[in-house]
Amino acid sequence: MFALGTLFYLGLMLLNAVAVLHEQRFLSKIGWSIEQLSGFHDANQEVKLRIIHLISAIRMLLRIPLIFVNSMVIIYEIILG
Amino acid sequence: MAAIQNNQAAQLGFQFAGSAVNAGHEYVEKNLNRYINLPMLRHYFNVSNSYVLKKIQLLLFPFGQKQWTRLALRSEQTGHTIGYKPPREDLNSPDLYIPVMSMITYVLLVGIVSGTKHMFHPEILGLTASKALAVMLFEVVVIKLGCYLLNVSSESQFLDLVCYSGYKFIGIIVTLLVRTLIPGWTTWFVFFYTNLAVGFFLLRSLRHIVLPDTSAATATGVHHRKHRIHFLFIIAACQLIFSWILLSNTWSLSVSSDSPAAAAPPRFRKMVPRV
């Protein structure tokens with residue numbers, strides 16, 4: 001049943017999936033690391049550029065909140081799931 | 001009682017209470033305005049009877065419509081554009097009245113359909129409402145994310161997208177009604193037709209949000225344009241999936257012989273012969 005709770009879990013899991021991507025071990029190998037971005041880029045790659053920025057922003061901003069939200073969900077699932 | 005009214009202290013007390021109530025009212029108004037933009041919400045609910053009828057007609061038969069741009073509202077002193085005209089004066093303006101009403105109708109209709117199979121449970125209403133909200137929220141988030149990735153200068157309001165994602169309930173209501181009244185393969189025809197209509201409507205309406213500059217003819221402009229048109233088609237095609245999800249838990253409820261449309265709201269009962 002697709003409902004608001006499912007949507008919340010979906011968003012949380014997707015954010016977790018982005019947050020665990022490792023900068024050196026994974027992202028730099030496929031060329032998606034924010035550190036490798038040079039100053040210039042051609043316009044055709046703008047979507048990729050924006051995805052890279054989005055990934056780094058999620059990794060930087062949401063790391064600490066995700067810890068709390070995840071632990072709350074885990075406790076909820078253990079007690080009431 | 002007369003003694004209380006003549007008493008000076010009581011008069012003072014009444015006055016004080018009155019001013020306290022007024023202050024409380026002002027406080028609520030101020031704080032409500034801070035979090036919810038009430039004038040903007042009023043704009044979305046500024047509809048008339050003829051607008052609602054014409055809009056529903058447009059949502060079900062959008063193929064003949066020629067004019068899709070929204071009318072700009074101009075300031076009376078300067079003549080500058082200061083926004084868009086409200087739905088009352090402009091058929092192409094998105095409104096929130098139809099999405100809200102059709103969503104509630106959809107939730108109640110699912111309850112009625114399950115009631116005709118003697119499977120009604122109060123929980124069904126809550127679950128259906130939750131699912132409807134989740135689908136709308138998901139669609140709005142996907143469109144917002146797509147706008148970010150495609151670098152669409154997003155001057156479009158969040159509420160506009162909520163409106164556009166809520167219009168699909170009209171098609172779903174028609175499908176549900178037809179399925180309950182006329183069982184058989186007609187349901188599938190109506191399901192695909194209403195989704196086609198809503199998809200076409202979104203394709204033409206969202207065009208002005210996703211493709212703001214039609215005059216950009218540079219090489220990068222053309223490239224961006226291609227991506228954005230693909231994005232538009234994906235959104236329109238996704239309507240089929242969303243409708244499927246919203247109707248999915250009612251497929252299993254087969255049709256009973258007695259007509260449940262008698263309990264449906266009269267506005268939608270009138271619409272059935274037209275489809």
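View 1. Among chain A contacts (heavy atoms within 4.5 Å) between residues at least 6 apart in sequence, 55% join residues at least 24 apart. This is a predicted model, in which local features need pLDDT of at least 70 and side-chain atom pairs count only at pLDDT 80 or more, while totals for chains, interfaces and linings use all residues. Residues are numbered from 1 along each chain as its sequence is written, chains are lettered from A and ligands numbered from 1 in the order in which they are written, and side-chain values use heavy atoms, leaving out hydrogens and water. Of this chain's 81 residues, 21% are buried (under 20% relative accessible area, 1.4 Å probe, protein chains only).

**View 2. The helices of chain A.** Here you can follow the α-α-α-α pattern along the sequence. Chain A has four helices and zero strands (DSSP runs: H or I of at least four residues for helices, E of at least two for strands, numbered from the N terminus).

**View 3. Helix H1 of chain A against helix H6 of chain B.** H1(A), residues 4-19, packs on H6(B), residues 122-149, at about 35 degrees with axes 8 Å apart (lines fitted to C-alpha atoms over the stretch in contact; angles run from 0 to 180 degrees between N-to-C directions). Leu4(A), Leu7(A) and Leu10(A) meet Ser130(B), Leu133(B), Ala134(B), Leu137(B) and Phe138(B).

View 4. Residues 185-203 are 95% helix, with end C-alpha atoms 27 Å apart. For residues 229-247 the values are 100% helix and 28 Å.

Technical notes:
Buried means under 20% relative accessible area, exposed over 50%, partly exposed in between (1.4 Å probe, protein chains only).
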